[in-house]
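Let's take a walk through this model, starting with what surrounds one of its ligands and ending at the metal.

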Amino acid sequence: MTITAPEAPAAATAPDVPFEVIPLSGNLGAEIPGLDLRTLDDDTIAAVRATWLHYKVVFFPGQDLTPQDHLAFARRFGEPTEGHPVIPGLPDQPEVFQIDYTQARELAAAYGDVSDVSRGLHWHTDVTFVRRPPLGSILRAVEVPRAGGDTLFSNQEAAFDDLSPALQEFLSTLTAVHDGQDQFKVILDLIGEGTWEGKTFTKLEPVEHPVVRTHPETGKRSLFVNPGFTSRIKELKRTESDALLAYLFQHSVRPEFTVRYHWQPGTIAFWDNRATQHAVVGDYGDHRRVIQRVTLRGDEPR
Ligand SMILES: O=C(O)CCC(=O)C(=O)O
Ligand SMILES: [Fe+2]
């Protein structure tokens, strides 16, 4: 007799694709081994996209991509942004930026730990402090600790679905302010000006987004507030806003909505930035940890 284990909820409705997909938790995340990201045909790219939309973050271990290959892979899914609005890109590949966590710690020590980019990074969704935050980010693990330095991802559709209907409806009427100033003012002052969507700026102005957004491709609703950049809820009094955001920040990263990934050098991760948050676990002491990222342009949350 063969006993087949029941599938986790995310795995049960996954698209049927011509490569192996290994679900990593009940609510999001899958590993796709055995592909060479430099040589995929259009049908395989379409299947990767469907898998990515379903699992929200996919990991490709065993890749050996140069920054050029990394960028070329990203272009198959959308338009790369100018890297990051304020973190400078690689000299000969400006759409690719690097985070060397040792350097980031030195910078933080020299200028005050405002950026929070020390050993770990707290929960956030990438670059929500602009009008059109990224659609997704594609990360390459360059140098990673043998143990530790994992990255956590949390499914913000699952977090929304778990709330009671009355709270879902109330949240759907609210607008949040997102502000990158706290984390990025020091870097922006050091480099003088940042660039986003072709425009330069010297100060990050706060922006507003709905607290609940509808995914432009799947139509699913998700929570769209994050402790990295969401500073307050516009329609509420300060004390109400603080209390509600504290609750949502805690709720949105409950263990059952998350996956935790341990990196190997070369692994590529691709996450849907419209429906997830992520955080780096700062448990790796003084080991070197270096990543590079390409970021895809997104649309205005609605
Ligand atoms: O270093 C990581 O694993 C993720 C860093 C991060 O937050 C990002 O690249 O958006
Ligand atoms: Fe991030």
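Start with the shell around ligand 1: its residues split into seven nonpolar, three polar and three charged. Keep in mind that this is a predicted model. Of the 13 residues around ligand 1, the ones that come nearest are Y101, D126, T151, R289 and R293. If you'd rather think in strands, look at β6, β18 and β19 (290–296), each of which supplies at least two residues of that shell.

Now zoom in on the oxygen atoms of ligand 1. The side chain of R293 has an N or O atom 2.5 Å from one of them. D126 puts a polar side-chain atom 2.9 Å from an oxygen of ligand 1, and for H124 the corresponding distance is 3.1 Å. How much of ligand 1 does the protein bury? On its own the ligand exposes 290 Å², and 99% of that is buried by the protein.

H124 and D126 also take us to the metal. The iron ion (ligand 2) is coordinated by H124 through NE2, D126 through OD and H278 through NE2, at 2.0 to 2.1 Å. Along the chain, these donors follow the spacing H-x1-D-x151-H. That pattern ties together distant parts of the chain: H124 sits in strand β6 (residues 121–124) and H278 in strand β18 (residues 276–280), 154 residues apart.

Are those two histidines, H124 and H278, buried or exposed? The cut-off for buried is under 20% relative accessible area. H124 has a value of 8%, so it counts as buried. H278 is at 5% and therefore counts as buried too.

Methods: Residues are numbered from 1 along each chain as its sequence is written. Chains are lettered from A and ligands numbered from 1 in the order in which they are written. This is a predicted model: local features need pLDDT of at least 70, side-chain atom pairs count only at pLDDT 80 or more; totals for chains, interfaces and linings use all residues. Side-chain values use heavy atoms; hydrogens and water are left out. Donors are N, O and S atoms within 2.8 Å of the metal (3.2 Å for Na, K and Ca); water is not among the atoms, so sites may look incomplete. Helices (H or I, at least four residues) and strands (E, at least two) are DSSP runs, numbered from the N terminus. Buried means under 20% relative accessible area, exposed over 50%, partly exposed in between (1.4 Å probe, protein chains only). A residue is near a molecule or strand if one of its heavy atoms lies within 4 Å of it. A polar contact is a pair of N or O atoms within 3.5 Å; within protein, one must be able to donate a hydrogen and the other to accept it, and residues adjacent in sequence count only if both atoms are side-chain atoms. Accessible areas come from the Shrake-Rupley method with a 1.4 Å probe; for residues, only the protein chains shown count as cover. Ala, Val, Leu, Ile, Met, Phe, Trp, Tyr, Cys and Pro count as nonpolar, Asp, Glu, Lys and Arg as charged, and the others, Gly among them, as polar.
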